Amino acid sequence: QVQLVESGGGLVQPGGSLSVSCAASGSIFSINVMAWYRQAPGKQREFVASITSDGYITYADSVKGRFTISRDHAGYAVYLRINSLQPEDTAVFYCNAEVVLTTRAIVSVWGQGTQVIVSS
């Protein structure tokens, strides 16, 4: 069993910055990839950014230059720094991880999401 717990969401004024975090726990052997997705009201969930265990980073074109993904040295936590927030960034941000379990099975795990609201 693996759990991802996000934190750090909240209400931010336009132009502000925010960081969200995600921590993994459970029967983990290793984590191959950790990623962030977001789902705006009335829209489908979309990819935001990902980082592999080797540190390879991918961003969605729509967030390049404003979002920064990073991962802790142990590899069980991932962070997303969001700068110059705009109202259209309002969304629930979800963490996702491709986890190798202690059984060596590989599973995709989602967190429960953390709400980011950008409003004056």
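A disulfide here is a pair of cysteine sulfur atoms within 2.5 Å. The structure holds one.

This is a predicted model, in which local features need pLDDT of at least 70 and side-chain atom pairs count only at pLDDT 80 or more, while totals for chains, interfaces and linings use all residues. Residues are numbered from 1 along each chain as its sequence is written, and side-chain values use heavy atoms, with hydrogens and water left out.

**The disulfide**

Cys22 and Cys95 form the bond, with their sulfur atoms 2.1 Å apart. The torsion about the S-S bond is about -80°, so the disulfide is left-handed. Cys22 lies in strand β3 and Cys95 in strand β9 (residues 91-101), so the pair ties together parts that are 73 residues apart in sequence. Strands are DSSP runs (E, at least two residues), numbered from the N terminus. Both cysteines are buried. Buried means under 20% relative accessible area, with a 1.4 Å probe and protein chains only.

**Strand pairing**

Strand β8 pairs with β3 and with β7. Two strands pair if DSSP finds at least two bridges between them.

| Strands | Sense | Bridges | A bridge pair |
|---|---|---|---|
| β3 (residues 18-26) and β8 (residues 77-82) | antiparallel | six | Ala23 and Ala77 |
| β7 (residues 67-71) and β8 | antiparallel | five | Ser70 and Tyr79 |

β7 and β8 form a hairpin with five residues between the strands. In this hairpin, Gly75 takes a positive phi near 85°.

**The core**

A nonpolar core is a set of buried Ala, Val, Leu, Ile, Met, Phe, Trp, Tyr and Cys residues joined through side-chain atoms within 4.5 Å. The largest one has 31 residues. Those with the most contacts inside it include Trp36, Leu80, Phe93 and Val99. Among the elements that give two or more residues to this core are β1 (2-7), β4 (28-39) and β5 (46-52). Strand β9 gives the most, with six residues.

Val99 touches Val2, Ile28, Ser30, Ile31, Ala105, Ile106, Val107 and Val109, not counting residues up to four places away in sequence. Contact means heavy atoms within 4.5 Å.

**Thr114**

Thr114 lies in strand β11. At 9% relative accessibility, Thr114 counts as buried. Leaving aside neighbours within four places in sequence, Thr114 is in contact with residues including Glu6, Gly9, Val20 and Phe93. A polar atom of the Thr114 side chain lies 3.1 Å from the backbone nitrogen of Gly9.

Conventions: Helices (H or I, at least four residues) and strands (E, at least two) are DSSP runs, numbered from the N terminus. Buried means under 20% relative accessible area, exposed over 50%, partly exposed in between (1.4 Å probe, protein chains only). A polar contact is a pair of N or O atoms within 3.5 Å; within protein, one must be able to donate a hydrogen and the other to accept it, and residues adjacent in sequence count only if both atoms are side-chain atoms.
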